[in-house]
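Open the model in your viewer and keep the selection tool ready. This tour goes stop by stop, and each stop names what to select.

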Amino acid sequence: MTQIADIEIRRGESWLAEGGVRPTRQRVALAKLLVGDGQDRHVTAESLFEAAREAGEKVSLATVYNTLKAFCDAGLMQEVTVDGSRSYFDTNMDEHPHFFWEGAGELTDAPSSELKIERLPAAPEGTEIASVDVVIRLRPKAKATRD
């Protein structure tokens with residue numbers, strides 16, 4: 001194993017330890033793909049499954065879904081729902097908005113310094129606001145038509 005791979009595995013194991021997640025072989029392999037290089041990621045279960053296959057890891061899609069849920073439950077990742085049928089998983093746990101690139105189906109961080117929410121509606125009685133998710137959908141500008 002190379003020195004870089006060892007560092008990436010240690011980062012993944014350390015990340016799992018931060019969340020109190022038991023480091024099984026499959027969890028360590030997925031954690032390495034998610035945080036091994038020290039960069040934040042936005043992944044879908046399907047894109048992480050494909051990355052694991054390309055890396056030669058033997059994991060099922062069901063295992064990837066279950067592992068992402070466990071990582072979210074442990075506070076290591078957050079789930080960002082773009083629409084009712086598509087979820088992304090973000091390793092950046094800081095509160096921040098996202099851009100959703102409709103044509104590419106890609107989620108990226110948006111600059112939080114440029115977002116200003118001055119007031120939220122009051123939560124209904126007996127509830128509290130747990131979080132506010134901001135997803136800004138992007139698409140190419142429509143071309144102007146000539147008459």
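## A walk through the fold

Start at the loop between β5 (106-109) and β6 (135-138), and select V132, which sits there. This is a predicted model. V132 is partly exposed, with a relative accessible area of 39%. Together with V132 they make a nonpolar surface patch of about 390 Å².

**The whole chain.** Zoom out and colour by secondary structure. There are four helices and six strands. Follow them along the sequence and the pattern reads α-α-β-α-α-β-β-β-β-β. The C-alpha trace spans about 60 × 50 × 30 Å along its principal axes. Of the 147 residues in the chain, 27% are buried.

**Helix α2.** Select residues 25-35, which form helix α2. Which residues of α2 are buried? They are V28, A29, L30, A31, L34 and V35. Show what surrounds them. The cover includes α1 (3-18), β1 (42-43), α3 and α4. As a reminder about helices in general, an α-helix has 3.6 residues a turn, so residues three or four places apart point the same way.

**Salt bridges.** The structure holds six salt bridges.

- Select R25 and E57. Their side chains meet in a salt bridge, at 3.6 Å from N to O. R25 lies in α2, while E57 lies in the loop between α3 (45-54) and α4 (61-73), so the pair ties together parts that are 32 residues apart in sequence. E57 counts as partly exposed, at 25% relative accessibility.
- Select R41 and D37. They form a salt bridge whose closest N and O atoms are 2.5 Å apart. R41 is partly exposed, with a relative accessible area of 24%. D37 is partly exposed too, at 34%.
- Select D73 and K69. This salt bridge is 3.0 Å from N to O. The two residues are four apart in helix α4, so about one helical turn separates them. Both D73 and K69 are exposed.

Move to strand β3 (residues 86-90) and select D90. What is the nearest side chain of opposite charge to D90? It is R41, and it is 9.5 Å away. D90 is buried and has no salt bridge, because a salt bridge needs the nitrogen and the carboxyl oxygen within 4 Å.

So what does the side chain of D90 reach? One answer is the backbone nitrogen of N92, at 2.9 Å. Another is the side chain of H98: a polar contact of 2.8 Å joins H98 and D90. Now show the residues around D90. Leaving out those up to four places away in sequence, D90 touches R41, H42, M77, Q78, V80, H96, H98 and D109.

Select H98 in strand β4 (residues 98-101). Is H98 buried or exposed? H98 is buried, with a relative accessible area of 3%. Display its contacts, again leaving aside neighbours within four places in sequence. The list holds H42, V80, D90, L107, T108, D109, A110, V134, V135 and I136. H42, V80 and D109 are also among the residues that D90 touches.

**A110, the last stop.** From H98, step to A110, one of its contacts. A110 is found in the loop between β5 and β6, where V132 also has its place. A110 is buried, with a relative accessible area of 8%, whereas V132 is partly exposed. Select P97 as well and draw a distance between the C-alpha atoms. They are separated by 5.2 Å, although A110 and P97 are 13 residues apart along the chain. Beyond its neighbours up to four places away in sequence, A110 touches P97, H98 and F99.

Methods:
Residues numbered from 1 in each chain as written. Predicted model: local features only at pLDDT ≥ 70, side-chain atom pairs only at ≥ 80, totals over all residues. Heavy atoms only, no water. Buried < 20%, exposed > 50% of the residue type's maximum accessible area, 1.4 Å probe, protein only. Lys, Arg positive; Asp, Glu negative; His and termini not counted. Polar contact = N/O pair within 3.5 Å; in protein donor to acceptor, adjacent residues only side chain to side chain. Contact = heavy atoms within 4.5 Å. Patch = residues over 30% accessible without salt bridge, like charges linked within 9 Å, V, L, I, M, F, W, Y side chains within 5 Å. Areas by Shrake-Rupley, 256 points an atom, 1.4 Å probe, with all protein chains shown as cover.
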